[in-house]
Amino acid sequence: MTPAAHPSQHAPELRAAARHIGRRRFLTATGAAAALAFAVNLPAAGAAAAAEFDARRIADDPFTLGVASGDPLPGSVLLWTRLAPQPYQPDGGLPAQRVTVHWELAHDEGFRRIVRRGTAHAHPELNHSVHVEVPHLPADRVFHYRFRAGDWVSPTGRTRTAPPPGSRPAALTVAAVSCQAYADGYYTAHRHLAEDDVDVVFHLGDYLYEYAVDATGNARGYTDRTLPAHYNRETVTLEDYRLRYALFKSDPDLMAAHAAHPFVVTWDDHETENNYADDVPEDGGPSEEFLLRRASAYRAYWENQPLRRPQRPSGPDMRMYRRLHWGRLAQFDVLDTRQYRSDQAYGDGAQLPGPDIDDPARTMTGEAQERWLTDGWRRSRALWNVVPQQVAFSQRKLDLNPVAKLSMDAWDGYRASRRRILDAVRSTGIDNFMVLTGDVHVAYAFDVKEDFDDPASRTLGTEIVATSVSSGKDGAEKPANWNTYMTANPHMRFYNGRRGYVTVTLGREHARADFRTVPYVTRPGAPVATAASFVTEAGKPGLTPA
């Protein structure tokens with residue numbers, strides 16, 4: 001199913017705007033007008049605003065999708081919820097009217113010591129989602145929060161502020177997760193993550209999948225429920241994406257992880273469409289038509305994620321790359337390797353390398369984001385410089401032939417772009433470069449080499465790849481290509497094909513990565529274990545078993 005096959009499903013205003021957007025969407029008057037047209041149906045103010053619905057008339061629990069927080073700052077937290085008493089219905093079970101939602105932030109879980117409280121509106125134009133930015137908070141504190149709509153009270157969430165600028169925290173523990181195909185299995189890893197002791201969770205993409213989910217949840221094999229038929233098709237329209245988020249976010253294990261920890265989210269491809277590149281869809285169809293789909297996907301993403309106002313989309317554009325600090329211990333430069341990239345070389349997939357992958361005109365990040373990253377490194381005072389992003393950064397030869405095939409979707413397909421990043425690591429002199437990656441549905445640990453074809457070359461940093469939460473179903477501890485990959489890539493220090501997540505503890509002396517895996521996801525209740533642990537010393541890049 002492609003977007004071109006369903007043109008009538010998109011709002012006519014969006015279709016008209018799309019015709020004015022060129023392939024590169026230069027910032028011109030025409031482009032600005034098109035972006036404005038894409039932003040139709042946003043909440044109005046004053047007399048034009050939607051009428052208010054009395055929250056006391058909500059008959060069923062509206063907090064079916066839980067609560068979340070995100071992007072912790074030294075003096076601020078971001079709180080999220082979405083009202084949906086009937087989450088699998090297009091309107092969520094609410095009329096097209098705004099609803100007043102009360103929120104509370106407290107020092108304690110019992111809400112005896114309230115720090116701040118207020119109200120927000122859940123607008124129908126934004127699918128009754130709520131984003132509350134709470135400012136002027138003390139740094140480096142843990143808080144508890146909840147929402148109320150009418151007589152209904154949400155689950156309690158736990159969040160925190162970051163340490164103050166210039167401070168020197170002793171340690172920070174983050175988790176990295178990715179790739180949670182609902183149809184491939186249960187979110188058992190999220191349940192264990194909810195119970196783990198971490199400060200922040202980085203979701204590295206594929207939070208949502210566009211593919212059809214059948215009445216039994218595919219690999220989940222439900223016998224106690226029947227999912228609505230509208231899930232059994234690919235997502236294309238805004239309504240499709242909104243409904244798919246409702247399905248994914250109604251999972252109790254995912255809700256538990258969001259309630260337990262603040263998340264820092266970034267997307268990969270499946271939140272929109274598999275392996276898209278900028279405005280080029282997977283099937284190579286018209287860019288104008290694809291931008292309609294992208295605008296719908298981006299809008300639904302923002303509505304359903306704990307993101308701050310700078311990330312609010314404008315039509316088919318959404319600024320996802322951003323920088324977070326944890327005192328002087330760590331700087332996190334969160335990348336977007338989908339929205340600005342050049343089209344994949346040689347038709348995508350696994351291909352023999354050719355001159356296109358070394359073409360300096362091709363980019364993984366786009367020029368502006370690459371410049372932003374390098375400028376941020378020049379100013380960095382952090383001990384650890386961490387880059388949470390999507391696709392495999394280190395070289396990954398896929399066979400043992402003299403000239404091995406490489407993935408054209410990963411950084412291997414954009415070698416000139418990767419070379420500029422590695423050159424910037426050296427030229428800016430940043431300390432302790434680390435990449436956090438998702439996408440590939442397996443766990444890897446890499447030494448990032450100055451020259452990946454020379455094992456004796458300088459190690460510039462480390463890459464920690466989080467396996468999938470569920471994508472790929474149960475997986476295997478040693479996939480069939482395990483020996484091939486470990487032999488072809490001497491800088492690959494670890495490879496495991498089970499589902500799970502990874503935690504990384506950043507300290508003053510070293511960083512430690514613990515790969516947490518579950519033996520199965522096609523049925524619930526799997527235990528979790530640590531498959532391997534690695535340490536990299538501060539000032540001495542390279543991974544050693546812990």
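The secondary structure of this protein chain, which is a predicted model, comprises nine helices and 24 strands. I shall begin with the overall dimensions. Along the principal axes, the C-alpha atoms fill a box of roughly 70 × 55 × 50 Å.

Of the contacts with a sequence separation of 6 or more, 70% join residues 24 or more positions apart. The accessible surface amounts to about 20,300 Å², and carbon and sulfur atoms contribute 50% of that area. As for charge, there are 63 positive and 67 negative side chains, and the centres of these two sets are 5 Å apart.

The largest nonpolar core has 44 residues, and the members touching the most others are Tyr 182, Tyr 301 and Met 318. At least two residues of this core come from each of the following elements: strand β9 (171-177), helices α3 (188-195), α4 (238-249) and α5 (252-260), strand β11 (263-265) and helix α6 (287-303). Helix α4 provides the largest share, with seven residues.

Beyond its neighbours within four places in sequence, Tyr 182 is in contact with Tyr 187, Val 213, Gly 217, Arg 220, Tyr 222, Leu 227, Leu 247, Phe 248 and Ser 470. There is also a second, separate core of 33 residues, whose members include Leu 329, Phe 332, Phe 515 and Leu 543.

How much of helix α5 is covered? Seven of the nine residues in α5 are buried, namely Asp 253, Leu 254, Ala 256, Ala 257, His 258, Ala 259 and Ala 260. The partners against which these buried residues pack are β1 (67-73), β6 (142-149), β8 (157-160), α3, α4 and β11.

Arg 418 belongs to helix α8, residues 415-428. Its relative accessibility is 5%, and Arg 418 therefore counts as buried. Setting aside residues up to four places away in sequence, Arg 418 touches Phe 393, Ser 394, Gln 395, Trp 411, Asp 412 and Phe 452.

The other position is Met 434, in strand β17, residues 433-437. Met 434 has a relative accessibility of 3%, so this residue too counts as buried. With residues up to four places away again left out, Met 434 touches Trp 384, Asn 385, Val 386, Val 387, Thr 462, Val 504, Leu 506, Ala 511 and Thr 536. Between Met 434 and Ser 167 there are 267 residues of sequence separation and 21 Å of space, C-alpha to C-alpha.

Finally, I turn to backbone geometry in the loops. Which phi does Asp 140 have? Asp 140 shows a positive phi of about 60 degrees, although this residue is not a glycine. Asp 140 sits in the loop between β5 (129-134) and β6, and a relative accessible area of 40% makes Asp 140 partly exposed.

Lys 473 likewise has a positive phi of about 60 degrees without being a glycine. The loop that holds Lys 473 runs between β19 (459-465) and β20 (475-476). At a relative accessible area of 43%, Lys 473 is partly exposed.

How values were computed. Residues are numbered from 1 along each chain as its sequence is written. This is a predicted model: local features need pLDDT of at least 70, side-chain atom pairs count only at pLDDT 80 or more; totals for chains, interfaces and linings use all residues. Side-chain values use heavy atoms; hydrogens and water are left out. Helices (H or I, at least four residues) and strands (E, at least two) are DSSP runs, numbered from the N terminus. Contact means heavy atoms within 4.5 Å. Accessible areas come from the Shrake-Rupley method with a 1.4 Å probe; for residues, only the protein chains shown count as cover. Lys and Arg count as positive and Asp and Glu as negative; His and the chain ends are not counted. The place of a charge is taken as NZ of Lys, CZ of Arg, CG of Asp or CD of Glu. A nonpolar core is a set of buried Ala, Val, Leu, Ile, Met, Phe, Trp, Tyr and Cys residues joined through side-chain atoms within 4.5 Å. Buried means under 20% relative accessible area, exposed over 50%, partly exposed in between (1.4 Å probe, protein chains only).
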